[in-house]
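Student: Could you walk me through the pockets in this one, and then a helix packing question?

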Amino acid sequence: MIVDSHCHLIYFSDDEIPKIISRAEENGVKILHNICISIDDVPKLLKISADYEQVYSSVGIHPLDDTIERGECINIDELIEFTKNKKVISIGETGLDFYKSNNKKNQKKNFATQIEAARTTGLPLVIHNRSADDDMANMLKSEMKIGTFGGVMHCFASSQELAYQALDLGLYISFSGIITFKNANLLREIAKNVPRERVLVETDAPYLSPEPYRGKKNEPAMVKYVIDCLAELWNELPDKVAEITTSNFLRLFKV
């Protein structure tokens, strides 16, 4: 059994989705975590989760969402109301992304709001980080002092220092197809040394297809290539890596 801990089924057409889920099933992917990036997407996300038993959802706002860029702030009560749906298992994806935006103040404000939603609901956070390592580490540390919360650093491609800071705070680390890229030696070294009981796997589909499909459209079935890469790094059988990462997912996300 394999879990794709982070994918975006909303970016596939209605005709594609049943085929994608079928191919995932054929490749042993039994649970798909369908991730929200905009409140406008929630109705469709919840419909997909209702239609497919193996699909669960998050609710939240991506740091690069247009609403945040315009300076608006997420409504925490609305967000919490969505979590009453039994197929919603997390808050996010939220976090910081300074690669394409310098709207640091409002990103941090919205991130803090979604952290508070995680505390209130008891649901873990799905955390996005890009070009914001220092700010991310500082926010996580300061927010944990206010009140603890669980979560995962999704699609991890940051520094070893941030990985260990996140681990020290009790968070999980999720690896995507990036670890299969030829130039990802430093990331593979991190993946090799992160405690196995804190590792998840994901596709971030339809993005970040692993080798040998880099540049093509990604989908949950391809998470097996991330499993294979970790198996090589850990000197384990792929089935064992699947068992470990599935167990970790089920510990963090209550499905």
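This is a predicted model: local features need pLDDT of at least 70, side-chain atom pairs count only at pLDDT 80 or more; totals for chains, interfaces and linings use all residues.

Student: OK, what volume does the largest pocket have?

Tutor: The largest pocket has a volume of about 600 Å³, and 21 residues line it, with His62, Asp97, His128, Arg130 and Asp204 lying nearest its centre.

Student: And which strand gives the most to that lining?

Tutor: That is S5, which gives three residues to the lining of the largest pocket; strand S4 (88–97) and strand S5 (125–130) each supply at least two.

Student: How does the lining of the largest pocket split by class?

Tutor: The lining of the largest pocket has eight nonpolar, seven polar and six charged residues.

Student: What about the second largest pocket, how much space lies in there?

Tutor: The second largest pocket holds about 200 Å³ of space. It is lined by 14 residues, and Ile39, Ile61, Asp65, Thr67 and Glu72 are the closest to its centre, while by class its lining has four nonpolar, four polar and six charged residues.

Student: Switching topic, at what angle do H8 and H9 cross?

Tutor: The axes of helix H8 (residues 185–193) and helix H9 (residues 223–234) cross at roughly 70 degrees and come within 9 Å, which means that H8 is roughly perpendicular to H9.

Student: Which residues meet there?

Tutor: From H8, Arg188, Ala191 and Lys192 meet Cys229, Leu230, Leu233 and Trp234 of H9, and by class this contact has five nonpolar, no polar and two charged residues.

Conventions:
Residues are numbered from 1 along each chain as its sequence is written. Side-chain values use heavy atoms; hydrogens and water are left out. On a 1 Å grid over the protein atoms alone, a cavity is a set of points where a 1.4 Å probe fits but cannot get out, and a pocket is an open set with protein on both sides within 12 Å along at least five of seven lines; lining residues have an atom within 4 Å of a point. Grid points are joined across faces, edges and corners, and a volume is the space filled by probe spheres set on the points. Helices (H or I, at least four residues) and strands (E, at least two) are DSSP runs, numbered from the N terminus. Ala, Val, Leu, Ile, Met, Phe, Trp, Tyr, Cys and Pro count as nonpolar, Asp, Glu, Lys and Arg as charged, and the others, Gly among them, as polar. Axes are lines fitted to C-alpha atoms, for helices over the stretch in contact, and angles run from 0 to 180 degrees between N-to-C directions. Angles under 35 degrees count as roughly parallel, over 145 as roughly antiparallel, 65 to 115 as roughly perpendicular and the rest as oblique. Contact means heavy atoms within 4.5 Å.
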